[in-house]
Amino acid sequence: TRLDGNTGASGEGIGGQSRVSAKLNVTREVDKWTYGIGGGFSSEYDYRSFNGQMNLARSFAKDNFTVGFGLQYYGDSVKLFKDLTPAGSAVISDFLPRNIVATSLTMSQILTRKDIVQWGLTYVKAEKNLESTASTTLVNNIREVEVLPNSRERKAISTKWVHGFGEASAMHLSYRFYTDDWDLDAHTLEVSTLFEVNDDEDFVETAIRYHNQKSVSYFADSFNGTEQFRTSDSDLEKFSSIELSGFYQVNLADSKLFNKELENLNWSNGIVLAKRDNGMFYGYIQSSFGVEF
């Protein structure tokens, strides 16, 4: 926290901060095939991202079974700590490259009129400058930069069961197992319920999420200086967490803008509260508008 004034993390020193992002995706359906391509960018004080993606899916057995494949590439840039002093001042580097490739395989099977099962496999490889300006380390009681390997391979397998109680309510039960070559393993379990309200125009979702993970091999609160890699990032240590969330979407009437028909206008609001057993508590709210045309 002594170094917040020199980073994009919360604290004094930077003044007002903002993040700008945009994306464009195009999807086309041809018979039983669905094709998609898209791209986007994001920019803030200490991180920039340019990304592209492509998706391919095909349905089988009278559309009861679907297989999909996705590929994403991120050409990112990040500012990192370059020099630290015992007094806690820091020098931030110029933007440095970071490359990420992500692939996914998804499957969906309709079991009954009320039940759907989904599966997913994900593989992500990140390379170059994987440290963060949110983290420093204590080496022989002196604040030093975080040092991490130059690559990270991440794998995950997930499954979800969707069950409809009736025409206006459903339950989602999902599980995800994650592992990577930094020796971090994680288990995530989530249960959510969805209800349609206001004559099926709007819907409400509530969810509870449990997460448990191991620590990466390089995590410690302090170091003696002989370690090749080191991090004190609390996101990479061992912890368990409980997250509660609520979501409400209001569907608005169709409208026109510059003589263009606007359909499926919606206003969404969400709130999340969570607590970790490593001392962290957080909450946030989010509001957004969406439209189709």
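Predicted model: local features only at pLDDT ≥ 70, side-chain atom pairs only at ≥ 80, totals over all residues.

Trainee: Is Ile 100 buried or exposed?

Mentor: Burial is judged by relative accessible area, and under 20% counts as buried. Ile 100 has a relative accessible area of 17%, so Ile 100 is buried. Ile 100 lies in strand β7.

Trainee: Which residues is Ile 100 in contact with, leaving aside its neighbours within four places in sequence?

Mentor: They are Tyr 47, Gln 72, Tyr 73, Tyr 74, Asp 76, Val 124, Lys 125 and Ala 126. As for Thr 133, 33 residues apart from Ile 100 along the chain, the two C-alpha atoms are separated by 18 Å.

Trainee: Where is Asp 202 found, and how far away is the nearest side chain of opposite charge?

Mentor: Asp 202 is found in strand β14, residues 202-213. Asp 202 is buried yet has no salt bridge, and the nearest side chain of opposite charge, Lys 160, is 21 Å away. A polar atom of the Asp 202 side chain does, however, lie 2.9 Å from the backbone nitrogen of Asn 251. Not counting residues up to four places away in sequence, Asp 202 touches Asn 251 and also, among others, Phe 195, Tyr 248 and Val 250.

Trainee: Which residues of the largest nonpolar core touch the most other members?

Mentor: Of its 15 residues, these are Tyr 178, Trp 182, Leu 184, Val 216 and Leu 236. Strands β7 (96-112) and β8 (115-127) each supply at least two residues of this core. Leu 236 touches residues including Trp 182, Leu 184 and Val 216, as well as Arg 152 and Lys 214.

Conventions
Residues numbered from 1 in each chain as written. Heavy atoms only, no water. Helix = DSSP H or I, 4+ residues; strand = E, 2+ residues; numbered from the N terminus. Buried < 20%, exposed > 50% of the residue type's maximum accessible area, 1.4 Å probe, protein only. Lys, Arg positive; Asp, Glu negative; His and termini not counted. Salt bridge = Lys/Arg side-chain N within 4 Å of Asp/Glu carboxyl O. Polar contact = N/O pair within 3.5 Å; in protein donor to acceptor, adjacent residues only side chain to side chain. Contact = heavy atoms within 4.5 Å. Core = buried A, V, L, I, M, F, W, Y, C linked by side-chain atoms within 4.5 Å.
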